Amino acid sequence: MSFLRGSENYVWCTTSVLGKGATGAVFQGVNKNNGEPVAVKTFNQVSHLRPHDVQMREFEVLRKVKHENIVKLLAIEEEQEGHGKVIVMELCTGGSLFNILDDPENTYGLQEDEFLLVLEHLTAGMKHLRDNNLVHRDLKPGNIMKFINEDGTTTYKLTDFGAARELREEEQFLSLYGTEEYLHPDMYERAVLRKPVGKSFGATVDLWSIGVTLYHVATGQLPFRPYGGRRNKDTMFFITTKKASGKSYPATCAECPLLLFNKNDNKVSMEPEPEMPKFPEFPAAVSCVTRWGALVAARLRDVARRADALAAHAARLHDAARALDLAAAAARRAGAGGAAARWAGPGAAAALAREADALRVGAAALAARHAGGALRAEWDDAVLHAACPAALRLPRRSRSLLERLRDSWQHLVRDRATRALTYNDEQFHVLERITVAESGRRVRALLARAAPLARARHAAIADWTRAAHTVRLQATLLDKVPRSVASAGFAPAKPFASTLPGSRYSPPRPPNR
């Protein structure tokens with residue numbers, strides 16, 4: 001007996017059940033053309049007994065909505081054996097939110113960051129429905145799917161639009177849909193208690209379901225749950241309509257939290273402090289660049305201050321040399337001798353003063369150019385014009401494709417070791433070969449996209465690194481020259497400014513004798 005079913009472009013196995021409902025079932029299938037896994041929804045005889053316009057309503061709603069937080073419609077096709085239409089949708093490998101909450105790890109609800117993600121995606125999807133004048137009417141954790149993207153991020157999506165319909169703000173409806181625990185009280189009174197209440201309902205019924213769903217996600221428990229569960233229907237209705245709100249607690253904040261203790265067991269274990277987040281390498285490199293730029297700027301400012309001090313000292317030396325020169329000239333005219341007559345250093349002092357002034361100007365220019373965050377600005381400009389493959393999550397997407405390629409290859413090797421394959425296994429063997437070819441093509445396309453980006457970013461960072469090393473070298477030389485000049489008695493053998501890259505300094509002329 002074959003468990004395979006198919007349409008024109010898709011095939012699925014009736015043993016791979018993803019979920020069942022009152023009007024149909026969802027199976028995991030495969031695209032015949034590229035081997036991509038999909039979800040296929042088929043309909044049973046109960047669904048075919050509904051009016052034709054009701055049957056076509058889900059198809060029309062899915063064609064109308066296109067949003068990242070709503071399960072994507074891939075195709076609507078006829079089943080080959082004539083069992084009617086099937087809906088082909090993208091496969092959400094993370095499962096439903098109900099199954100996630102059923103995990104013992106989530107007994108008390110999801111973590112805060114995950115809950116906020118569900119809140120964001122759920123409200124975005126519902127807003128898109130209302131923007132298109134649609135109501136879902138069966139919102140619950142079982143109809144919210146977790147979709148894991150190729151780059152590893154998570155997206156929660158609305159699904160199961162069998163009860164959805166078009167409804168404008170001023171319109172009302174009378175039909176009853178939904179699940180007991182998430183029903184609006186007015187709908188619960190008619191649908192569950194079977195009371196002949198002549199009430200109609202509007203689009204706000206989804207708001208009640210959103211509130212119950214979010215409470216369930218945050219705490220792991222339903223907000224309205226009488227003793228005995230669904231058997232105690234009257235108490236459930238009383239709780240949702242007439243029971244007063246529970247005990248109110250004082251306001252809390254991050255500095256003054258409110259701790260609740262169990263009277264039966266006071267052994268309360270506090271959660272350990274969370275570990276420090278491990279940052280990826282690229283932000284660490286940016287932080288290193290910031291610190292390096294700050295250190296270089298501080299060193300440049302220090303060099304500029306020492307150059308100013310050297311220039312002032314050289315100027316005072318030059319003034320003293322001029323004074324001694326005048327004293328020596330006056331002594332010669334008077335015919336006197338001595339130390340003043342033997343002074344012959346005003347030319348060297350003037351040359352040193354000019355050299356110190358040129359050094360001061362060069363240090364000030366270098367500090368003005370690079371000490372005010374210029375290196376960081378150049379880094380930001382370099383990385384801005386060269387996109388990072390890691391920031392685009394291309395490595396994570398390629399890893400996902402390679403894992404899929406490895407799984408398909410292992411299936412092919414296993415089938416090859418089997419002597420005789422059944423008809424179903426032969427069909428899936430062919431699909432696995434198609435999957436291998438398609439995954440390889442996507443990996444090559446991803447590499448072709450990432451390689452130019454990586455080369456451009458490498459070139460931009462290399463240019464910035466060379467410029468930064470040049471600045472560091474100039475700062476080092478500027479730092480050494482004042483010390484060497486001071487140790488040589490303020491008589492440099494070779495002007496420093498002429499050694500700087502791009503310098504227009506010309507050495508001083510020797511004084512006229």
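Figure 1. The model is predicted: local features need pLDDT of at least 70, side-chain atom pairs count only at pLDDT 80 or more, and totals for chains, interfaces and linings use all residues. Residues are numbered from 1 along each chain as its sequence is written, and side-chain values use heavy atoms, with hydrogens and water left out. Phe428 belongs to helix α13, residues 423-487. Helices (H or I, at least four residues) and strands (E, at least two) are DSSP runs, numbered from the N terminus. Leaving out residues up to four places away in sequence, Phe428 touches Leu4 and Cys13; contact means heavy atoms within 4.5 Å. Phe428 and Lys32 are 396 residues apart in sequence, yet 9.9 Å apart in space, C-alpha to C-alpha.

**Figure 2. The whole chain, for orientation.** The chain holds 13 helices and 10 strands. Of its 513 residues, 38% are buried. Take the contacts between residues at least 6 apart in sequence: 66% of them join residues at least 24 apart.

**Figure 3. Lys41, an annotated position in strand β4.** UniProt, in an unreviewed entry, places the feature "binding site" at Lys41. UniProt positions are given in the numbering used here, feature names are shortened, and annotations may be inferred rather than shown by experiment. Lys41 lies in strand β4, residues 37-43. Lys41 counts as buried because its relative accessibility is 9%. Neighbours within four places in sequence aside, Lys41 is in contact with Ala25, Val26, Glu58, Val86, Ile87, Met89 and Asp160.

Figure 4. Glu77 sits in strand β5, residues 73-78. A salt bridge needs a side-chain nitrogen of Lys or Arg within 4 Å of a carboxyl oxygen of Asp or Glu. Glu77 does make polar contacts. Its side chain joins that of Ser7 at 2.5 Å. The Glu77 side chain also reaches the backbone nitrogen of Glu8 at 3.2 Å. A polar contact is a pair of N or O atoms within 3.5 Å; within protein, one must be able to donate a hydrogen and the other to accept it, and residues adjacent in sequence count only if both atoms are side-chain atoms. Not counting residues up to four places away in sequence, Glu77 touches Ser7, Glu8, Asn9, Tyr10, Gly84, Lys85 and Val86.

**Figure 5. Salt bridges in the model.** The count comes to 14 salt bridges. One of them joins the side chains of Lys85 and Glu78 at 3.2 Å, N to O. Lys85 is partly exposed at 31% relative accessible area, and Glu78 is partly exposed at 45%. Asp407 and Arg406 pair at 3.8 Å, N to O. Asp407 has a relative accessible area of 36%, so it is partly exposed; Arg406, at 49%, is partly exposed. Elsewhere, salt bridges that share partners join Glu36, Glu150, Arg397 and Arg442 into one network.

Figure 6. The side chains of Glu181 and Arg225 meet in a salt bridge of 3.4 Å, N to O. This pair links distant parts of the chain, 44 residues apart: Glu181 is in the loop between β10 (165-166) and α5 (185-191), Arg225 in the loop between α6 (205-219) and α7 (233-241). Glu181 is buried because its relative accessibility is 11%.

**Figure 7. Thr179 in the loop between β10 and α5.** Thr179 is buried, with a relative accessible area of 14%. Its side chain makes a polar contact of 2.9 Å with that of Lys140. Residues up to four places away in sequence aside, Thr179 touches Asp138, Lys140 and Arg230.

**Figure 8. The buried face of helix α7.** Met236, Phe237 and Thr240 are buried in α7. Seen down the axis of α7, its buried residues fall within an arc of 95°, so they line one face of the helix. The arc is that of the directions from the helix axis to the C-beta atoms. An α-helix has 3.6 residues a turn, so residues three or four places apart point the same way. The cover over the buried residues of α7 includes α5 and α6.

How values were computed. Buried means under 20% relative accessible area, exposed over 50%, partly exposed in between (1.4 Å probe, protein chains only).
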